[in-house]
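Here are some notes to read with the model open beside you.

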Amino acid sequence: MGEHILTTVDWARAQFALTAMYHWIFVPLTLGLSFLVAFFESIYVKTGNEEWKKLTRFWMTLFGINFAIGVATGIILEFQFGTNWSNYSWMVGDIFGAPLAIEGIFAFFLEATFFAVMFFGWHRVSKGFHLFSTWMVAVGSNLSAVWILVANGWMQFPTGMAFNPDKARFEMQNFWEVALSPVAVHKFTHATSSAFLLASLFVVGISALFLLQERHQKMAKRSMVVAAVFGFIASVFVGFTGDEAAFSVAQRQPMKLAAMEGLYVGQEKAPIVAMGIINSSKKPGDDLPAFYAEKKIPGLLSLLANRDPNSFVPGINDLAFGNAERNIIGAEQRMVTGKIALAELAHYKYAKETGDAAQAAAALALFEQHKGDLGYGYLNNPTEAVPPVPTTFYSFHIMVVLGTLFPLIFLLVLYFAFKGTLEYQRWLNLACFFSIFLGYVAQQAGWVVAEVGRQPWAIQGLLPVGVASTNIAASNVQTTFCMFLALFTALLLAEIRIMIKQIKIGPEA
Amino acid sequence: MIGNLDYAILQQLWWLIASVVGSLFLFLTFVQGGQTLIFTLANTEEEKSLIINTMGRKWELTFTTLVLFGGALFAAFPLFYATSFGGAYWVWMLILFTFIIQAVSYEYRKKPDNVLGARTYEIFMSINGSIGLLLIGAAVGTFFTGSRFSLNLYNSVTWQTPYHGLEAALNPFNLAFGLFLVFLARTLGAMYIVNHVDHEPLVKKARKATWINMLWALPFLLTILISLVTMDGFAVNPTTGEIFMEKGKYLNNLLGMPVVLSLLLGGLGSVIYGVAATGFLGKNSGIWFGGIGTVLVGLAIFSLAGYHNTAFYPSVSDPQSSLTIYNASSSKYTLTVMSYVALAVPVVLAYVAYVWKLLDAKKLTLAELTGEDVKEMY
């Protein structure tokens with residue numbers, strides 16, 4: 001039975017990862033390109049220069065192609081919470097459903113309504129209203145990011161709720177705590193600024209390709225300057241919000257931070273691993289070295305985590321098995337408390353069913369005492385509380401290294417643009433073009449850190465993925481996984497080919 | 001103010017809000033109906049493009065309304081979301097697949113190098129408008145015919161057939177419901193073409209399609225209506241919450257809620273007038289009567305399922321696991337918060353209506369499809 005459920009969970013996770021990763025190929029470009037198109041069109045309306053209009057419409061065409069597949073891959077994510085994570089939907093739907101509904105009301109209708117004006121309104125509405133519509137699409141897209149990231153932020157740091165034992169679910173107690181949770185704020189600022197960065201890389205990279213091909217040079221340089229300014233500001237912001245997000249992870253998801261750095265044994269003046277090769281045989285609690293080879297910068301992790309280079313940062317072993325010296329209660333001990341909470345919840349439910357009020361009251365009192373570690377009661381081994389370390393570590397480091405590279409590219413573009421020699425910088429233009437792909441890698445890596453690093457939890461500390469999933473035979477989910485893989489891959493190939501063709505046609509057709 | 005409302009009132013209010021969104025979705029399925037008309041109504045490539053571009057300016061509204069319907073159900077009735085989506089897995093998955101393939105089809109159909117070819121995207125649209133709606137209808141039909149599931153003490157669902165929802169499409173009532181939606185959508189789609197397209201040969205065919213499709217819908221509509229007034233239904237004892245079978249439940253609901261009866265009759269009358277006005281009287285405004293009528297009928301159907309002490313998502317295998325708007329809802333706090341949020345809905349409706357009016361002020365012509373904006377056309 002246990003094996004059967006695990007298989008279903010594995011497929012459900014694989015399907016969610018697949019659909020979310022596909023979706024996130026398109027979303028960041030939508031979020032950022034919508035603003036860039038709005039900038040371009042604003043310049044057109046302000047100057048009345050038809051070349052800016054042509055430029056706007058070119059990027060808008062690419063935006064539309066990308067937007068459609070973003071919508072297509074998005075609908076499944078909302079409904080998948082119900083289809084594949086049915087227990088999750090019930091246990092936290094009282095809190096989690098609200099941001100999704102708000103996203104629909106406030107964001108999706110803005111996008112859907114004004115998208116039609118943006119593409120079909122050039123001769124049906126005034127120039128000013130058209131520009132307004134383009135801005136509304138940008139605002140709507142980014143508003144949708146707010147609410148889905150509030151929802152995701154709550155999964156990382158559940159707040160503003162309480163467990164209702166009668167209903168066997170968590171219920172919202174404070175909407176503002178959910179909506180304005182610091183994790184939600186960091187998620188939103190980091191994800192959207194990184195999306196602006198990616199879209200800027202896209203515009204800069206495609207424009208650089210035009211320069212390399214000696215086509216549409218004027219339009220390409222104009223696009224590059226606007227996008228490089230936007231991209232540089234975004235990348236500085238990405239760095240700043242990334243630091244805030246990491247600080248937040250250190251405070252609220254210390255196990256994730258330890259996995260991000262492959263830190264097994266907590267220490268003061270904890271270093272950041274600048275470069276390292278993880279020892280794949282290493283297991284929590286053993287004596288093997290964590291790395292085959294590594295280059296560390298002392299104190300930097302302590303500084304990042306606690307704003308103090310001398311401070312103590314707990315490691316995986318401390319968090320899994322506890323560290324009395326540092327007053328850290330490990331997963332091992334929490335499991336004991338959690339199992340009491342689960343047992344008392346079962347006693348309470350049974351006593352209520354049989355009408356034994358005294359027994360129910362006693363069980364409820366014990367449950368209330370132990371409910372803080374409820375989620376740990378579902379674990380069988382403290383090492384289950386440890387996320388996959390190599391995946392989390394490498395994803396985090398890839399993201400950071402790439403994130404450091406991008407602002408330099410934007411700066412160089414701006415430098416040569418102001419020198420007036422941009423079209424002659426072949427190596428830079430090549431680097432710009434290839435940076436588009438690196439931008440996508442960084443985006444995906446960022447989400448892998450956030451989601452794989454949260455494992456084994458669907459809701460941090462409260463609900464492991466194994467309990468959250470739907471009670472359904474694995475073969476069903478396996479089949480839909482294969483269907484999604486085939487369909488999304490076909491659609492992605494179509495999208496890429498259409499995009500390449502439109503880039504080949506260029507703005508002048 | 002909302003915070004002072006009784007919990008039961010909030011639960012009823014949210015069933016109403018979800019019903020309004022669901023009913024608006026039913027009206028907006030004229031897009032899906034239009035998608036199925038491309039193979040039956042259009043004789044030329046130009047006519048096909050006119051239909052697709054007409055629907056293409058509204059498809060996202062329909063799609064978004066469906067997404068909001070899902071979101072509203074998740075926020076307000078999470079136990080329904082968990083039970084139905086997790087249990088009737090396949091029916092929902094297939095519905096979603098048809099919407100996924102729809103979403104790319106408009107944008108990609110005419111674009112060069114689109115890999116799958118224009119015809120494939122047209123077939124995608126047609127599948128969405130036929131199979132997609134048929135399955136949605138079958139799923140809504142289970143609000144009356146029930147499903148086979150049970151919930152444990154922790155409200156975790158176990159579906160008791162290996163078909164996970166597909167069995168719904170084999171029930172004659174559910175099937176009639178699905179087919180009615182398909183033909184109603186085609187009727188509405190034809191009415192919208194008449195309203196929005198300036199191309200006489202196509203408009204002439206669309207006028208004819210309006211009443212022909214209504215004629216096709218009629219036997220399924222009659223099946224649904226006769227079944228509804230004769231079938232037993234899943235009643236709930238308001239004091240104990242116990243579910244029991246009641247003879248003539250939905251007829252009792254209709255007679256016990258005269259407003260719902262008027263919504264149903266008024267709605268059907270409005271749809272029929274819309275069809276007659278478009279098909280026989282040469283009017284272009286039939287879509288509005290058809291649309292408003294569809295919304296009213298939708299509200300009546302959802303009200304019959306959810307109000308008057310009725311289980312809206314019944315279980316035939318374990319009746320006590322059936323869902324009512326009271327046992328499936330969110331907490332009072334969440335419903336209150338969401339009610340404040342819902343105050344924004346009229347604002348959303350207002351700007352949607354304003355932009356609709358702006359974009360539809362001029363009819364779609366062949367000249368527009370081949371003019372300066374040709375690159376943006378679907």
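1. In chain A of this predicted model, helix α13 (residues 389-419) packs with helix α14 (residues 426-452) at an angle of about 150°, their axes 8 Å apart. Helices (H or I, at least four residues) and strands (E, at least two) are DSSP runs numbered from the N terminus; axes are lines fitted to C-alpha atoms, for helices over the stretch in contact, with angles from 0 to 180 degrees between N-to-C directions. The crossing of α13(A) and α14(A) is left-handed, meaning that the near helix is turned anticlockwise from the far one by less than a right angle.

2. A word on conventions: residues are numbered from 1 along each chain as its sequence is written, and chains are lettered from A and ligands numbered from 1 in the order in which they are written. Local features need pLDDT of at least 70 and side-chain atom pairs count only at pLDDT 80 or more, while totals for chains, interfaces and linings use all residues.

3. The peptide bond joining A:Gln455 and A:Pro456 is cis, with omega about 15°.

4. A:Arg307 is also worth a visit: its phi is positive, near 60°, though the residue is not glycine. You will find A:Arg307 in the loop between α9 (300-306) and β6 (312-313) of chain A.

5. In chain A, strands β1 (residues 161-164) and β2 (residues 169-172) run antiparallel, joined by 4 bridges; strands pair if DSSP finds at least two bridges between them. A:Phe163 stands opposite A:Phe170, and A:Ala168 has a positive phi near 55° in this hairpin, which has 4 residues between the strands.

6. In chain B, β3 (residues 233-236) pairs with β4 (residues 243-246) in the antiparallel sense over 4 bridges, and B:Val236 has B:Ile243 as its bridge partner. Here 6 residues lie between the strands, and B:Gly241 in the turn has a positive phi of about 80°.

7. Finally, where does helix α9 of chain B kink? The kink, about 35°, lies at B:Leu218, shortly before B:Pro219; the bend is the angle between axes fitted to the seven residues ending there and the seven starting there.
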